[in-house]
Amino acid sequence: MLKKSLKSYDLEIYPNFASATFIDLQSKEERVFIFNHNHYPLTELRDFIISEVSSLVGYNSQSYDDTILEYMIRYRGSKSDLNIELYALSQEIINNDAPTDRVKDLRWNKSFKGIDLIRVMFSSKLRKGLKQ
């Protein structure tokens, strides 16, 4: 059995492509999951989270990445619809000033432990996303 470890991570979501990149903070080993019309590694992603991750560390991850990742973990829909649904959820998060009920559920009822560096490092007045 693999030893669980702390991993940093980031997600990228586009209409026809998504990726989840994880880096082990001790070994620096990188693991990348690519989702597109030909590749759908949700089972591998779920197994990875369960067996290899003690906690996830991200930047502004509580507001965005954690929510998307939890959706991916819970997803049981059609392979062909995954990227469309991930992109729709991404836009729902980005374009709404207040989180919807669906986003709140995904954000606050996660199946994994997470650490959001923006919330640890800065006061709320200084918080900015990486792309701002």
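1. The side chains of Arg31 and Glu52 meet in a salt bridge, with 3.6 Å from N to O. Arg31 belongs to strand β3 and Glu52 to helix α1, so this pair ties together parts that are 21 residues apart in sequence. Arg31 counts as partly exposed because its relative accessibility is 30%. Glu52 has 18% and therefore counts as buried, the cut-off for buried being under 20%. Note that the model is predicted.

2. The search of the whole structure finds six salt bridges. Another of them links Lys7 with Asp24, whose closest N and O atoms are 2.9 Å apart. Lys7 is in strand β1 and Asp24 in strand β2, so the contact ties together parts that are 17 residues apart in sequence. Lys7 is buried, with a relative accessible area of 5%. Asp24 is buried too, at 9%. On the general point, side chains of opposite charge can pair when their charged atoms come close.

3. Asp66 forms a salt bridge with Lys110, and the closest N and O atoms are 3.3 Å apart. Asp66 lies in helix α2, while Lys110 sits in the loop between α4 (101-108) and β5, so the pair ties together parts that are 44 residues apart in sequence. Is Asp66 buried or exposed? At 2% relative accessibility, Asp66 counts as buried. Lys110 counts as partly exposed, at 28%.

4. Glu70 is found in helix α2, which covers residues 65-74. Glu70, Arg74 and Asp105 are linked in a network of salt bridges. With a relative accessibility of 3%, Glu70 counts as buried. Which residues is Glu70 in contact with, leaving aside its neighbours within four places in sequence? They are Leu106, Asn109, Lys110, Ser111 and Phe112. Lys110 is also the salt-bridge partner of Asp66.

5. The strands form an open sheet of five, in the order β3-β2-β1-β4-β5, with mixed pairing. β3 and β5 are the edge strands, since each pairs on one side only. Neighbouring strands are turned by 25° against each other on average, direction ignored. β1 and β4 run parallel and are joined by four bridges. Leu6 stands opposite Ser55 in β4.

6. Helix α1 packs on the sheet and touches β1, β2, β3 and β4; its direction makes about 150° with that of β3. Which residues of helix α1 (residues 42-52) are buried? They are Leu42, Leu45, Arg46, Phe48, Ile49 and Glu52. An α-helix has 3.6 residues a turn, so residues three or four places apart point the same way. The cover over the buried residues of α1 includes β1, β2 (17-24), β3 (30-35), β4 (53-58), α2 and α3 (82-95).

7. Helix α3 lies across β1, β2 and β3, running at about 95° to β1. Ile13 lies in strand β1, residues 5-14. Its relative accessibility is 8%, so Ile13 counts as buried. Apart from neighbours within four places in sequence, Ile13 is in contact with Ala18, Tyr64, Ile68, Leu86, Tyr87 and Ser90. The C-alpha atoms of Ile13 and Ser90 are separated by 7.1 Å, although the two are 77 residues apart along the chain.

8. On the surface, Leu6, Leu25, Ile115, Leu117 and Val120 form a nonpolar patch, with about 370 Å² of accessible area together. Ile115 lies in strand β5, residues 114-116. Ile115 is partly exposed, with a relative accessible area of 34%.

Methods
Residues are numbered from 1 along each chain as its sequence is written. This is a predicted model: local features need pLDDT of at least 70, side-chain atom pairs count only at pLDDT 80 or more; totals for chains, interfaces and linings use all residues. Side-chain values use heavy atoms; hydrogens and water are left out. Helices (H or I, at least four residues) and strands (E, at least two) are DSSP runs, numbered from the N terminus. Buried means under 20% relative accessible area, exposed over 50%, partly exposed in between (1.4 Å probe, protein chains only). Contact means heavy atoms within 4.5 Å. Patches are made of residues with over 30% relative accessible area and no salt bridge: like charges are joined within 9 Å, nonpolar side chains (Val, Leu, Ile, Met, Phe, Trp, Tyr) within 5 Å. Accessible areas come from the Shrake-Rupley method with a 1.4 Å probe; for residues, only the protein chains shown count as cover. A salt bridge is a side-chain nitrogen of Lys or Arg within 4 Å of a carboxyl oxygen of Asp or Glu. Two strands pair if DSSP finds at least two bridges between them. Axes are lines fitted to C-alpha atoms, for helices over the stretch in contact, and angles run from 0 to 180 degrees between N-to-C directions.
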